[in-house]
Amino acid sequence: MKTFILLASALLYSSFIFAQNGKITGQIKDNQTNESLIGVVIKVKGSALVTTTDLDGFYSLELPAGTYTLSASYIGYQTKEIDNILVSNNKTISVSFVISEVANQLEEVVIKSDLTEVAKENVESMVLLQKKTTANISTISADMMKKLPDRSAGDAVRRVSGATIQDGKYVIIRGLNERYNMAMMNGLPLASTETDRKAFSFDLVPAAMLDNIIIYKTGTPDLPGDFAGGIVQVTTKDIPEVNTQNLSVGLGANNLTTFKKFETQNGGKWDWLGIDKKYRVIPNGIPSDSKEIENLTNEQNATNTKKWSHNYGSDVTNSMRPSLSFQYSIGRRLNLFKRPLGFFVALSYNNAPSYSSTNTVQLRYPSSSAAYFDQGKYRKNEVYKLQTVASGLFNVSYKPFPKTKISTKNFFNISSDQFVATTVAYAREDPSDSLQANTKTLEKALFFATNRLYTTQLSVEQSIIKDVKLKAIAGYTLINRDIPDYKKYIYYSYKSENEDDGSYFNTPYTFYSNTNSNFSQNTGRFFQKLQENNKNLLADLIVPVKFSNKMKVDFKAGFYYQTRERNVKIRTFAYDVFINAGTLPIDQILVNNNFAPGKISMKERESNYYNSGSSLFAKFVMADFKVTNWLKLVGGLRQEKYIQKLDAYSIYKIDKTDESNVILPYITAINGFTDNDNIKISYFKSVSRPEFREIAPVQFFDYISNIIFEGNPNLPTSKISNYDLKWEHFLKPGEFFSLNLFYKEFKDPIELFVVQAEVPFVKYNNSKSAKVYGIELEGRYKLGKNFTLAGNYTLIKSEIKVQRANINSRTMQGQSPYVINGGINYENIKYTLNASLNFNRFGDRIAFDGQNYESLVFEKGRSVFDFQLSKKLLKERLTLRFILADLLANHLIFYQDINSNSKFDAGKDIEFSKMVMPKSYSFSLSYKFQ
């Protein structure tokens, strides 16, 4: 804490050290391409002051206090003048704008503007990017995120056309589940953060640290080819145009948790930061190999059992505190050896308690016995959860020469999920199950998972000659996910009478444990360690060639190299009990006096592990032809050579290597038949490779859903053909309407498949083929002076060919039939007041595949309303912000569609799982330093 205070004090002091008097800074971009322009001449009219823009199109001028007119001139472009720029002592004003090409390079055209129009250009820059980018993209800018009640990148993404969020963090685009989408940060791919699926957890990235989010729905040769739904590119905040410094603190509450009963784990002193410092560990002296433990004597096992901490207790409070949040950022521009240097530092912390009550039943499978199908295990889970997310950002850029830029971008995140869960379960009446027949169980679980994500990049950008640019990025990502000492215990009660309701379980609960049972059905301990190292290298060269005033070609070529190494080890332990523990509480059973031969000892079940690695080498060429002022063609090829290795052991040993080499073609035609209209037609091929976790045959048990996840080493790579047609109509700046048609064909699509078992197994499986098609409507329109209306609607259809008992085809797993996003924003500049109301809804989608239609598991669609109100005070330095999230708090329901009508019917369909969702409220104060 002392170090943190000293650091914060130094950063605060720097705001005075680096203050400059009377400065104008800004960036100049091309009106058509939205690209920054190098070497634009910036003059101060009526004086001899002049400068030029750098590699990123930035300029800076130091001036005495006064009112000025700036002019920006560039060969082949209209000269633009900005009037009435007021410069004050000790202040920096930002003046960024766009300039346009002229048809005849010999003529001089001067366009005059003022600061009001310039401000509009800055606000609408992301819409301009959407209009001019070759690929079909959707964008969210930092300004947009400030007007939305979004805490993380995951919250913000669900505002995008065709996008939804699953479990609050996994992105689904165009109805294709998270495994078909890719995450990138600052131009480089991000690896999967999860142990049990191919997905990136977007709730790890705070929205306050982002400059923008761009979702690519179509590919180009310079983008990765491993996606089908979309690529989510998050760009962290870069060096600011003007010096900035902000501090924000907040409190949050919800109707299920705040000031109510709550249970927390007996943890370590660093739990508040998401770190376990050797509190939940395997004790020293316990053999690291399960084979060694098998050879131990009974006396040695009993001795080792005494080395463990057998604490299954929790702390209970009758009034839980609100959630806490903190954010601090500082950005500075200064000179080093008379050359521009800038940095941006940000810190973020959020700690949020939550409570959920979930009812689940055993997944049902039709069989020859109708009675068997109608009966199942009922579970009621009460979960007290604490989520912690702490993030840091440190970006630095230096321009040692006018046409050279060197940058490093660093992002670090520590997060943890810990919960205390209590479950009451009624076992289904299956006579073949001697223990579970006619019983009720009382279970308790204590779960803690900590994640560490660190990514660093070093990039060099060099302008060789006019408009010829070379860019290279080297990156490294480290991911750690540890589940240390996931503990659970079970007590059971036998049925005493043949009655038909829950009241017949009136015998006392009896302790149960057996080393021969799975962890899902046992009293025991679970440990998992995951580490992944990811190294990247990207380089590309852009060479523009102008054949005439009308025809221009931008050639681009480059390569990308990536290596990944992931190591996962899983150890499970169970108590072997030979005494009659009876109805004693667990803290009186697991005591040293009982750890002796013939009484109680803890033994390890066979350990699971997988070590996997991959290498990817890609190279690409592409050409961007500006044929006429209204027609542009973009085409190219991308070659990807991929090698994947797996060394794993679960029930059996597997060691395999797969190699593939694909060539992916891309072609896009853009017809700008008017200044306000675009038609984009594109075709490209892509792939979706199985992730390490999807092919590793190890098991992971999810306590809440009572499902075991397991990989499939025989998965082939999916191949996808993609077709897109988009019409965009742009009205006033920032206003647009678009219509998008898309069609995709899959070969060997990969999905989650439920395997019939006592505790269901969910495995990854290939189907033969699939197709997805749909239409997206999106628009943004200003209603008068203060209101903006924005929304999108996506209608999606899919069909996947399967071979099941009573299914030949169905919709793809994870695909919603429709997605609706809408919002209205009110902004009053005079009174510095902003308010927004936003809506999101998706249709019912398949969560898990099954052996027949009745055993498919659907997720019921939810409607979400969010509201935000903010007000600026103290000359716009202080911002007060109030947020209401998920006002409807609809239940999260998973169900089996027994009557086969593709919708949920209460009382007819089986509710596999129903979770009560909270309404959340938060209030924050943000202060912007001078």
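Buried means under 20% relative accessible area, exposed means over 50%, and partly exposed is what lies in between (1.4 Å probe, protein chains only). At 16% relative accessibility, Asp276 therefore counts as buried, and that residue is a handy place to start.

A word on the ground rules. This is a predicted model, where local features need pLDDT of at least 70, side-chain atom pairs count only at pLDDT 80 or more, and totals for chains, interfaces and linings use all residues. Residues are numbered from 1 along each chain as its sequence is written, and side-chain values use heavy atoms, with hydrogens and water left out.

**Asp276 and its partners**

Asp276 sits in the loop between strand E18 (262-265) and helix H6 (290-294). Helices (H or I, at least four residues) and strands (E, at least two) are DSSP runs, numbered from the N terminus. The side chain of Asp276 makes a polar contact with the side chain of Arg280 at 2.6 Å, and one of its polar atoms lies 3.3 Å from the backbone nitrogen of Tyr279. For a polar contact you need a pair of N or O atoms within 3.5 Å; within protein, one must be able to donate a hydrogen and the other to accept it, and residues adjacent in sequence count only if both atoms are side-chain atoms. Not counting residues up to four places away in sequence, Asp276 also touches Asp271, Phe448 and Pro484, where contact means heavy atoms within 4.5 Å.

**Lys237, another loop residue**

Lys237 belongs to the loop between strand E16 (230-236) and strand E17 (244-254). A polar atom of the Lys237 side chain lies 3.4 Å from the backbone oxygen of Leu210. Lys237 and Asp211 are 26 residues apart in sequence, yet their C-alpha atoms are 4.6 Å apart in space. Leaving aside neighbours within four places in sequence, the contacts of Lys237 include Ala142, Met209, Phe344, Leu393 and Asn395.

**The whole chain**

Zooming out, the protein chain has 10 helices and 51 strands. Of its 930 residues, 56% count as buried. Take the contacts with a separation of 6 or more: residues 24 or more positions apart account for 70% of them. The accessible surface of the chain comes to about 39300 Å², and 56% of that belongs to carbon and sulfur atoms. Accessible areas come from the Shrake-Rupley method with a 1.4 Å probe; for residues, only the protein chains shown count as cover.

**Aromatic rings**

How many aromatic pairs does the structure hold? There are 31 of them. Rings of Phe, Tyr and Trp (its six-membered ring) pair if their centres lie within 6.5 Å; planes under 30 degrees apart count as stacked, over 60 as edge-to-face and the rest as tilted. Phe447 and Tyr486 make an edge-to-face pair, 5.0 Å centre to centre with 90° between the planes. Phe447 lies in strand E24 (residues 439-463) and Tyr486 in strand E25 (residues 469-494), so the pair ties together parts that are 39 residues apart in sequence. The rings of Phe730 and Phe736 have centres 6.1 Å apart and planes at 35°, so that pair is tilted.

| Residue | Relative accessible area | Class |
|---|---|---|
| Phe447 | 8% | buried |
| Tyr486 | 2% | buried |
| Phe730 | 6% | buried |
| Phe736 | 6% | buried |

Elsewhere, Tyr312, Tyr489, Tyr491 and Phe511 form one aromatic cluster.

Leu731, Tyr781, Leu783, Phe787, Leu789, Ile824 and Leu837 make a nonpolar surface patch of about 580 Å². Strand E40 (769-783) and strand E41 (787-801) are the elements that give two or more residues to the patch. Leu783, found in strand E40, is partly exposed with a relative accessible area of 37%. Patches are made of residues with over 30% relative accessible area and no salt bridge; like charges are joined within 9 Å, and nonpolar side chains (Val, Leu, Ile, Met, Phe, Trp, Tyr) within 5 Å. A salt bridge is a side-chain nitrogen of Lys or Arg within 4 Å of a carboxyl oxygen of Asp or Glu.

Most residues other than glycine have a negative phi. Glu876 has a positive phi, near 70°, and Asp886 has one near 55°. Glu876 is in the loop between strand E47 (863-873) and strand E48 (878-885), while Asp886 is in the loop between E48 and strand E49 (892-896). Buried or partly exposed: which is Glu876? Glu876 is partly exposed at 44%, whereas Asp886 is buried at 12%.
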